[in-house]
Structure formats: C-alpha cells, structure tokens
Amino acid sequence: MRVTVIGAGYVGTVTGACMAYFGHAVTVVDTDVAKVAKLSKGETPIYEPYLPELLRDANARGGIDFRCDLSDAIAESDVIFIAVGTPPQASGAGGGHSTGPMPRRRKIRLRIVAWRIR
Ligand SMILES: NC(=O)c1ccc[n+]([C@@H]2O[C@H](COP(=O)([O-])OP(=O)(O)OC[C@H]3O[C@@H](n4cnc5c(N)ncnc54)[C@H](O)[C@@H]3O)[C@@H](O)[C@H]2O)c1
C-alpha cells in the first residue's frame, strides 16, 4: 500500500519507518522544513533508540521519503495517518484537546477525492 503519515515527530516518524519496514511505500509530510531536510539526509532530529537503523532498513524495503508538500502525498496514498502534535489542556494535562488557537493554526486541509478499499 501507499501510506502517507502527516507529522514527522516521534509518532509519525516511527510509524512511517515501521510501515516502510513492513514493505509499504511511505511518505511522511511535515511543515517543518529543517526537520524534513534532516530526515531526507538520513539524519534523525529526534532521539528514539534504533530509529536511524530502522529508517535505513525501511528505505531498502518499502521505501520512505520525507516532504513538506501535502497535496501530492494525499492524492497518491491509500492510507493516511495524522500524527501532528496536540497542545496540552489548560490544566497542563497531556494533549488531546481540539479547540482553541493552536489547533486552528495547525489545521490540515484534507480534501477527500475518493474512497478506496483495495
Ligand atoms: N509521543 C508519544 O509518546 C505519544 C503518545 C501517545 C499519543 N501521542 C500523540 O500523537 C501525536 C503526535 O505526537 P508526537 O510526540 O509525535 O508530536 P511531535 O511534536 O514530536 O511531532 C508532531 C509533528 O507534527 C508536525 N506538524 C504540526 N502541524 C502540522 C501540519 N499541519 N502538517 C504537517 N505537519 C505538522 C510538527 O512539525 C511536528 O514535527 C500528538 O497528538 C500526541 O498527543 C504521542
């Protein structure tokens, strides 16, 4: 399958690497240009044990690429994972609240053009 993961953070990069390791063709999209540039060079901006090795093997299997442009990745994919950050709640508790200015700034505009089950 062709898989798109939106967000190249801890969750998105690891999810993308695992999916590619299992043979899926993966594109990971992030708005952070510097992060995408690093990951494209095989460098990991986050620390996760064995992630560099996993990315190297993933690339040799299903293939994984990193980009900033969402539109092509969406059009080409069978499955889309959204793994962007969520802000903490006002109480300071962990992420999950979906209202307020942060989520609006981070809005992802997805246009569903087809419903595919293969
Ligand atoms: N890290 C964990 O252990 C963990 C555990 C459970 C749930 N989660 C949840 O998973 C989600 C991701 O967590 P994380 O730790 O990977 O966060 P993160 O901050 O490491 O990564 C989020 C990434 O999303 C990117 N991003 C933000 N808005 C974007 C947009 N509009 N388009 C493309 N990219 C965008 C950011 O640049 C960043 O690289 C959060 O909702 C978090 O609450 C995380």
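Modeller: A word on burial before we start: a residue is called buried if 20 or more other C-beta atoms lie within 10 Å of its own, exposed if 12 or fewer, and partly exposed in between. Keep in mind, too, that what you're looking at is a predicted model.

Met1 sits in the segment before S1. Met1 has 14 C-beta neighbours inside 10 Å, so it counts as partly exposed. Leaving out residues up to four places away in sequence, Met1 touches His24, Asp78 and Val79. Take Asp78: it is 77 residues along the chain from Met1, yet their C-alpha atoms are separated by 6.2 Å.

Now the overall layout. The protein chain has five helices and four strands, and from the N terminus on they run β-α-β-α-α-β-α-β-α. Of its 118 residues, 24% count as buried.

On to the inside. The largest nonpolar core has 18 residues, and the ones that touch the most other members are Ala17, Ala20, Val26, Val28, Ala58 and Ile64. Which elements supply at least two residues each to this core? They are strand S1 (2-6), H1, strand S2 (25-29), helix H2 (33-40), H3 and strand S3 (64-67).

Setting aside neighbours within four places in sequence, Ala20 is in contact with Val26, Ala58, Asn59, Arg61, Gly62, Gly63 and Ile64. Ala20 also has a part in a meeting of two helices, so let's go there next.

Helix H1 (residues 10-21) and helix H3 (residues 51-60) have axes that come within 8 Å and cross at roughly 40°. Because of that angle, H1 is oblique to H3. The crossing of H1 past H3 is left-handed. On the H1 side the contact is made by Thr13, Val14, Ala17, Ala20 and Tyr21, and on the H3 side by Leu51, Leu54, Leu55, Asp57, Ala58 and Asn59. Sort the residues of this contact by type and you get eight nonpolar, two polar and one charged.

Tyr50, in the loop between H2 and H3, has a positive phi of about 70° although it is not a glycine. Is Tyr50 buried or exposed? It has 9 other C-beta atoms within 10 Å, so Tyr50 is exposed.

For a contrast, go to strand S3, where you'll find Phe66. Phe66 is buried, because 22 C-beta neighbours lie inside 10 Å. Not counting residues up to four places away in sequence, Phe66 touches Ala8, Val28, Val36, Leu39 and Ser40. Phe66 and Lys41 are 25 residues apart along the chain, with their C-alpha atoms separated by 9.6 Å.

Ser40, one of the residues that Phe66 touches, lies in helix H2. Ser40 has 13 C-beta neighbours inside 10 Å, so it counts as partly exposed. Ser40 and Asp65 are 25 residues apart in sequence, and 6.7 Å apart in space from C-alpha to C-alpha.

One last stop is Asp32, in the loop between S2 and H2. Asp32 has 14 other C-beta atoms within 10 Å, so it is partly exposed. The C-alpha atoms of Asp32 and Arg67 are separated by 9.3 Å, while along the chain these two are 35 residues apart.

Notes:
Residues numbered from 1 in each chain as written. Predicted model: local features only at pLDDT ≥ 70, side-chain atom pairs only at ≥ 80, totals over all residues. Axes fitted to C-alpha atoms, helices over the stretch in contact; angles between N-to-C directions. Parallel < 35°, antiparallel > 145°, perpendicular 65-115°, else oblique. Left-handed = near helix turned anticlockwise from the far one by under 90°. Contact = placed C-beta atoms within 7 Å. Nonpolar A, V, L, I, M, F, W, Y, C, P; charged D, E, K, R; others polar. Core = buried A, V, L, I, M, F, W, Y, C linked by C-beta atoms within 7 Å.
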